[in-house]
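This briefing sets out the main features of one protein chain, grouped by topic. Please read it alongside the sequence and the coordinates.

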Amino acid sequence: QVQLVESGGGLVQPGGSLRLSCAASGSIFSINTMAWYRQTPGKERELVAVITSGGSTNYADSVKGRFTISRDNIKNTMYLQMNSLKPEDTAVYYCNAWVAFWTERDKYLEVWGQGTLVTVSS
């Protein structure tokens, strides 16, 4: 099995910075695309940023220029550096990954983390 463990969430003031981490563990053969999503009450889960296995990235318009997604393929860990945070960035942030296992190396399955709360408030 595979597990995504998130860390780095918390309370931060507007204009501040926060760095989220997502570590994947288990019988992993490879990880393809990874992404960060976020969700607030009454809204659909929103794609924040995505990064391919080769390092190509895309961002939601609302976070462009402020957030940076990255990954360490050796450690199977993904990061989200969040700068110039705004109150509207407050949400539960979820780690998402497409993972292939040793037993079936050509089949990628979608895996989600439990989510970590980011609160931007003064």
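Two strands are taken to pair if DSSP finds at least two bridges between them. A hairpin of two residues joins β9 to β10 in this chain, which is a predicted model. The points below cover strand pairing, the disulfide, the salt bridges, the nonpolar core and a loop contact.

**Strand pairing and hairpins**

- Strands β9 and β10 (residues 104-112) run antiparallel and are joined by six bridges.
- Within this pairing, W98 has E110 of β10 as its bridge partner.
- Strands β4 and β5 are also antiparallel, with five bridges between them.
- In that pairing, A35 stands opposite V50 of β5.
- The hairpin of β4 and β5 has six residues between the strands, and G42 in this hairpin takes a positive phi near 85 degrees.
- Three bridges connect β5 to β6, and these strands run antiparallel.
- Five residues separate β5 from β6 in their hairpin, and G55 in the turn has a positive phi of about 100 degrees.

**The disulfide**

- How many disulfides does a search of the whole structure find? The search finds one, and this disulfide joins C22 to C95 with an S to S distance of 1.9 Å.
- The bond links distant parts of the chain, as C22 lies in strand β3 (residues 18-26) and C95 in strand β9 (residues 91-101), 73 residues apart.
- The torsion about the S-S bond of C22 and C95 is about -75 degrees, and the disulfide is therefore left-handed.
- C22 has a relative accessible area of 0% and is buried; C95 is likewise buried, with a relative accessible area of 0%.

**Salt bridges around D89**

- A search of the whole structure finds four salt bridges.
- One of them pairs D89 with R38, whose closest N and O atoms are 3.0 Å apart.
- Because D89 lies in the loop between β8 and β9 and R66 in the loop between β6 (57-59) and β7 (67-72), the pair ties together parts that are 23 residues apart in sequence.
- Both D89 and R66 are buried, and D89 has a relative accessible area of 1%.
- R38, E46, R66 and D89 are linked in a network of salt bridges.

- R38 belongs to strand β4 (residues 28-39).
- Is R38 buried or exposed? The cut-off for buried is under 20% relative accessible area, and R38, at 7% relative accessibility, therefore counts as buried.
- The R38 side chain makes a polar contact of 2.9 Å with the side chain of Y93.
- Leaving aside residues up to four places away in sequence, R38 touches several others, among them E44, R45, E46, V48, S62 and V63.

**A salt bridge with an exposed partner**

- D61 and K64 meet through their side chains in a salt bridge, with an N to O distance of 3.2 Å.
- D61, at 66% relative accessibility, counts as exposed.

**The nonpolar core**

- In soluble globular proteins, nonpolar side chains tend to be buried together.
- The largest nonpolar core here has 31 residues, and those with the most contacts inside it are W36, L80, M82 and Y93.
- Strands β1 (2-7), β3, β4, β5 (46-51), β7, β8, β9 and β11 (116-120) each supply at least two residues of this core.
- Which strand provides the largest share of this core? The largest share comes from β9, with six residues.
- Beyond residues up to four places away in sequence, M82 touches G16, S17, L18, L20, R66, F67, Y93 and V118.

**The loop at G16**

- G16 lies in the loop between β2 (10-12) and β3.
- Not counting residues up to four places away in sequence, G16 touches M82, N83, S84 and L85.
- G16 and K86 are 70 residues apart in sequence, and their C-alpha atoms are 8.3 Å apart in space.

Notes: Residues numbered from 1 in each chain as written. Predicted model: local features only at pLDDT ≥ 70, side-chain atom pairs only at ≥ 80, totals over all residues. Heavy atoms only, no water. Helix = DSSP H or I, 4+ residues; strand = E, 2+ residues; numbered from the N terminus. Buried < 20%, exposed > 50% of the residue type's maximum accessible area, 1.4 Å probe, protein only. Polar contact = N/O pair within 3.5 Å; in protein donor to acceptor, adjacent residues only side chain to side chain. Contact = heavy atoms within 4.5 Å. Disulfide = S-S within 2.5 Å. Core = buried A, V, L, I, M, F, W, Y, C linked by side-chain atoms within 4.5 Å.
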